[in-house]
Amino acid sequence: MKKIFVLAIMAFSVISVSAQDNVNPDTYIGAQLSTEDLNGTARYVGMGGAMEALGADLSVMGSNPAGIGLYRKSQIAGSFGLNSQVDGKSFGEGSKTNASFDQIGFVYSTRTGQQSFVNFGFNFHKSRNFDYVLSAAADAVNGSSQNRQTYINLLNNLDANGDIINPWKESQADKLNYKLIDIYDDNGDYVETQYVNAEKYRFDRSHTGYIGEYDINLSGNINNRVYLGLTVGINSVHYNGYSVYQEDLKSLTDPTINYLEVHDSHKITGMGYNIKFGAIVRPVEESPFRLGAYVHSPTMYKLKTSNVSSIHDQRELMREVVTDPLEFRLNTPWKFGFSLGHTVGSNFAIGATYEYADYSTVDLRSITRSYYDDWYGDYQEDSNTDPVMKAHTEKTLEGVHTLKVGTEYKLDKNIALRLGYNYVSPMYKDTGVRDLTLNSTGTLLASTTDYTNWKDTHRLTAGVGFTFDNFRLDLAYQYQARKGDFYPYQHRRTSGSNELLSGIETAADGSKITVSNEAKPVSVKDNRHQLLCTLTYTF
């Protein structure tokens with residue numbers, strides 16, 4: 001390779017990430033922060049969450065706010081649980097089994113008429129539990145490797161004169177690999193740039209933390225026929241990720257290096273808010289059959305992300321990149337829901353819920369400036385959507401359909417049995433790619449290259465409830481199963497394409513050589529058990 005090629009690269013490779021303006025992460029980070037688990041009270045989980053038309057449970061405050069309008073008495077409840085990953089292992093801060101405080105809340109009910117009530121409620125629950133360890137390993141296809149991808153990215157980021165086109169297309173992961181692919185002699189003089197083939201790779205990542213949702217609800221009913229509710233949600237993000245990627249190398253210029261490890265520690269924190277509105281109607285006065293509908297605004301987050309990343313071999317630390325905390329904004333999709341509920345006497349209840357959210361509309365935004373507004377007397381911020389990353393999100397993510405069904409049967413007035421099922425369609429398209437060749441600020445922040453395209457999710461739930469005077473003890477079990485395709489690095493040119501990522505290299509004799517980097521997917525699983533216990537007091 002020509003020397004001007006590398007000199008141009010190195011001139012930009014030493015740019016410090018911490019010196020950049022605020023930037024936003026990429027599509028896969030946005031997707032991870034936009035999804036929710038099935039969690040809440042044990043009664044709600046035991047019925048598969050299908051209570052949006054049945055109501056009278058604290059957890060519906062976060063789904064259909066009108067369900068709180070069915071309360072006739074005040075109530076307080078708290079929940080804690082145990083989560084266990086099937087075939088999981090301990091890695092980093094992650095472990096197979098974790099205890100969790102999942103929910104606490106109350107409703108205060110006041111009568112405003114013979115059959116009308118106005119209720120006020122507050123509820124905290126973990127809308128997302130990040131505790132999960134992912135492990136994958138495979139042989140490299142045709143010697144593909146992470147540093148080979150960096151080499152191809154550089155080939156595609158140079159003009160005809162060997163000058164770099166755009167430094168924003170150099171991720172932190174690329175910067176880590178420069179130390180390996182740039183070859184120098186014993187005198188410290190540059191020799192050439194080349195990629196190093198790998199024989200196999202191993203990958204482990206631990207996710208820990210949660211998204212906590214604090215819901216404030218105002219709801220009520222009109223003559224026991226129409227129920228309306230409004231919830232303001234405040235979300236708090238606490239995410240920590242740690243990963244180690246290792247490659248066994250071959251065909252090395254330096255035989256003292258036969259493997260490398262990339263360590264990455266990633267932290268995301270911040271707050272967001274949303275508004276939810278819901279309604280429930282009994283269309284026939286003599287029938288307990290109910291219809292429900294609700295809509296959730298996007299959760300508008302302001303988040304802070306930081307990384308510590310390094311590349312190692314068996315001799316020493318080769319390079320480390322540390323980012324100062326960087327702020328960005330994230331808007332999740334709108335969510336719409338429709339539900340049915342029916343009771344038979346006082347012993348049997350059945351519910352069904354359908355939800356839809358279009359995750360291709362996830363909006364990752366860069367904060368462009370902060371300033372003091374004299375008119376409002378406080379600080380304001382401007383933010384812009386990254387159009388390149390937005391287009392990539394639209395090609396990578398899709399609308400998600402969620403179906404929830406559940407039932408409850410009371411053996412007598414003190415014992416209730418529950419069953420439920422959830423189906424959640426895939427959020428990722430089969431051709432989705434974590435594209436680190438984009439001319440986007442989100443590319444600059446990427447310190448890892450891996451991604452997983454998760455498929456559909458299935459949840460089976462069961463529960464039992466015991467009533468003792470004004471107290472109720474509810475227990476629930478949930479089993480969640482989903483599969484995904486794990487990729488250690490980008491293999492297709494971009495999302496929606498079947499063309500392999502490749503670059504054109506100029507050999508010493510002037511001939512052109514196509515360099516590609518095919519990575520076959522590894523099937524991974526995310527199967528979990530959850531045990532949940534809720535203690536409720538009604539007054």
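Are phenylalanine 130 and tyrosine 239 buried or exposed? I looked them up, and both phenylalanine 130 and tyrosine 239 are buried (under 20% relative accessible area; exposed is over 50% and partly exposed in between, with a 1.4 Å probe and protein chains only).

**Ground rules.** I am working on a predicted model, where local features need pLDDT of at least 70, side-chain atom pairs count only at pLDDT 80 or more, and totals for chains, interfaces and linings use all residues. Residues are numbered from 1 along each chain as its sequence is written, and side-chain values use heavy atoms, with hydrogens and water left out.

**Aromatic pairs.** I searched the whole structure and got 15 aromatic pairs (ring centres of Phe, Tyr and Trp, its six-membered ring, within 6.5 Å; planes under 30 degrees apart are stacked, over 60 edge-to-face, the rest tilted). Tyrosine 28 and tyrosine 428 are stacked, because their ring centres are 5.3 Å apart and their planes meet at 15°. I placed tyrosine 28 in helix 2 (residues 27-34) and tyrosine 428 in the loop between strand 19 (415-424) and helix 7 (441-445), so this pair ties together parts 400 residues apart in sequence. Helices (H or I, at least four residues) and strands (E, at least two) are DSSP runs, numbered from the N terminus. Tyrosine 28 and tyrosine 428 are both buried.

Back to my opening pair: phenylalanine 130 and tyrosine 239 are edge-to-face, 5.1 Å centre to centre with 80° between the planes. Phenylalanine 130 is in the loop between strand 3 (117-129) and strand 4 (132-139), tyrosine 239 is in strand 8 (residues 226-249), and the two are 109 residues apart.

I also noted one aromatic cluster, formed by Tyr28, Tyr428, Tyr451 and Tyr487.

**Charges over rings.** Lysine 126 lies over the face of tyrosine 210, 4.8 Å from the ring centre. Arginine 482 has its charged end over the ring of tryptophan 454, at 4.2 Å from the centre.

**Asparagine 527.** Arginine 482 turned up again here: its backbone nitrogen is reached by the side chain of asparagine 527 at 3.2 Å. I found asparagine 527 in the loop between strand 24 (522-525) and strand 25 (528-538), and with a relative accessible area of 13% it is buried. Beyond neighbours within four places in sequence, its contacts (heavy atoms within 4.5 Å) include Ser84, Tyr479 and Arg482.

**Serine 116.** This one is in the loop between strand 2 (97-111) and strand 3. Why does serine 116 count as buried? Its relative accessibility is 12%. A polar atom of the serine 116 side chain lies 3.1 Å from the backbone nitrogen of asparagine 223. Leaving out residues up to four places away, serine 116 touches Thr110, Arg111, Asn221, Ile222 and Asn223.

**Helix packing.** How do helix 4 and helix 5 pack? Helix 4 (residues 146-155) and helix 5 (residues 172-181) have axes 9 Å apart, at an angle of about 100°. Helix 4 is therefore roughly perpendicular to helix 5 (65 to 115 degrees; under 35 is roughly parallel, over 145 roughly antiparallel, the rest oblique). Among the residues that meet, I noted Thr150 and Leu154 in helix 4, and Asn177 and Ile181 in helix 5.

Technical notes: Polar contact = N/O pair within 3.5 Å; in protein donor to acceptor, adjacent residues only side chain to side chain. Lys NZ or Arg CZ within 6 Å of the ring centre and 35° of its normal. Axes fitted to C-alpha atoms, helices over the stretch in contact; angles between N-to-C directions.
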